[in-house]
Amino acid sequence: MAEPKIQQTGDAAGLAALIARAAGQTGGEAKGLPPVERWTPPFCGDIDMEIRGDGTWFYMGTPIGRQPLVRLFSTVLRKDEDGKTYLVTPVERVGIRVADAPFVAVEMSVTARNGASVLTFRTNVGDVVEAGPDHPLRFVIHGENSELRPYLHVRGRLEALVSRPVMYDLVELGEKVQIDGIEMFCVRSGGAVFPIMPAAELEALSR
């Protein structure tokens with residue numbers, strides 16, 4: 001298999017310039033999100049890029065400190081059916097490592113629309129997403145300490161992990177709802193109900 005051309009780039013800025021050219025972006029500004037779901041380029045191997053659990057991006061072992069670069073990379077991310085995450089341009093697809101979710105939801109606002117609450121989240125890469133039928137929330141109980149991890153669908157198969165401070169605010173909005181005969185602790189947004197866990201389990205954890 002041929003080595004990916006991107007690997008020849010020695011730093012993140014050079015990599016960003018290559019991606020920007022390949023994706024047809026000019027002047028350093030993206031013209032909306034590229035249609036990565038429609039692109040079918042060949043796989044060109046993996047590159048040494050990682051998104052860690054806290055949302056920090058690393059390239060060749062070095063943190064990418066410039067937010068515009070991170071934002072650019074985030075616009076050409078795609079998670080495929082094989083469960084792997086790629087940087088995708090019209091001409092090549094390269095694999096990267098993702099420790100948890102590729103994005104982190106770092107802020108939440110609560111508004112009302114037609115008498116129903118709407119939860120709007122901002123991610124660490126600048127996406128603004130309303131939780132609802134098209135962008136569901138899901139909740140995972142993780143590890144021996146039963147750590148609650150909420151995830152928000154952003155686009156495609158990509159999700160944002162809701163940061164711990166935002167998670168606390170989110171859980172404060174919870175209420176008990178009967179779902180299929182089981183009392184669940186849930187949150188509502190955009191007319192949708194998102195179960196967090198059975199109310200009995202929440203009470204057990206609270207003891």
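Two strands are taken as paired where DSSP finds at least two bridges between them. In this predicted model, strands β10 and β11 meet that criterion, pairing in the antiparallel sense over six bridges. Within this pair, His 142 has Glu 147 of β11 as its bridge partner. The two strands form a hairpin with four residues between them, and in this hairpin Gly 143 adopts a positive phi near 80°.

Strand β11 spans residues 147-155 and includes Arg 149. The side chain of Arg 149 makes a polar contact with the side chain of Asp 100, at 3.3 Å. When neighbours within four places in sequence are set aside, the residues in contact with Arg 149 are Asp 100, Arg 138, Phe 139, Val 140, His 142 and Leu 161.

At least two lining residues come from each of the strands β6 (93-98), β10 (137-142) and β12 (158-162). By residue class, the lining of the second largest pocket contains seven nonpolar, two polar and six charged residues.

Strand β6 is also part of an open sheet of six strands, ordered β3-β2-β1-β6-β5-β4, in which the pairing is mixed. The edge positions are held by β3 (62-63) and β4 (77-79); each has a single partner strand, so one side of each is left without a neighbour in the sheet. Elsewhere in this order, β1 (residues 43-51) and β2 (residues 57-59) run antiparallel and are joined by three bridges. Ile 51 stands opposite Trp 57, a residue of β2.

A further open sheet consists of three strands in the order β13-β14-β15, with antiparallel pairing. Here β13 (175-179) and β15 (192-198) stand at the edges, and because each has a single partner strand, one side of each lacks a neighbour in the sheet. From one strand to the next, the twist averages 55°. Strand β14, covering residues 182-189, pairs with β15 in the antiparallel sense over six bridges. In β15, the residue opposite Met 184 is Pro 198.

Methods: Residues are numbered from 1 along each chain as its sequence is written. This is a predicted model: local features need pLDDT of at least 70, side-chain atom pairs count only at pLDDT 80 or more; totals for chains, interfaces and linings use all residues. Side-chain values use heavy atoms; hydrogens and water are left out. A polar contact is a pair of N or O atoms within 3.5 Å; within protein, one must be able to donate a hydrogen and the other to accept it, and residues adjacent in sequence count only if both atoms are side-chain atoms. Contact means heavy atoms within 4.5 Å. Axes are lines fitted to C-alpha atoms, for helices over the stretch in contact, and angles run from 0 to 180 degrees between N-to-C directions. Ala, Val, Leu, Ile, Met, Phe, Trp, Tyr, Cys and Pro count as nonpolar, Asp, Glu, Lys and Arg as charged, and the others, Gly among them, as polar.
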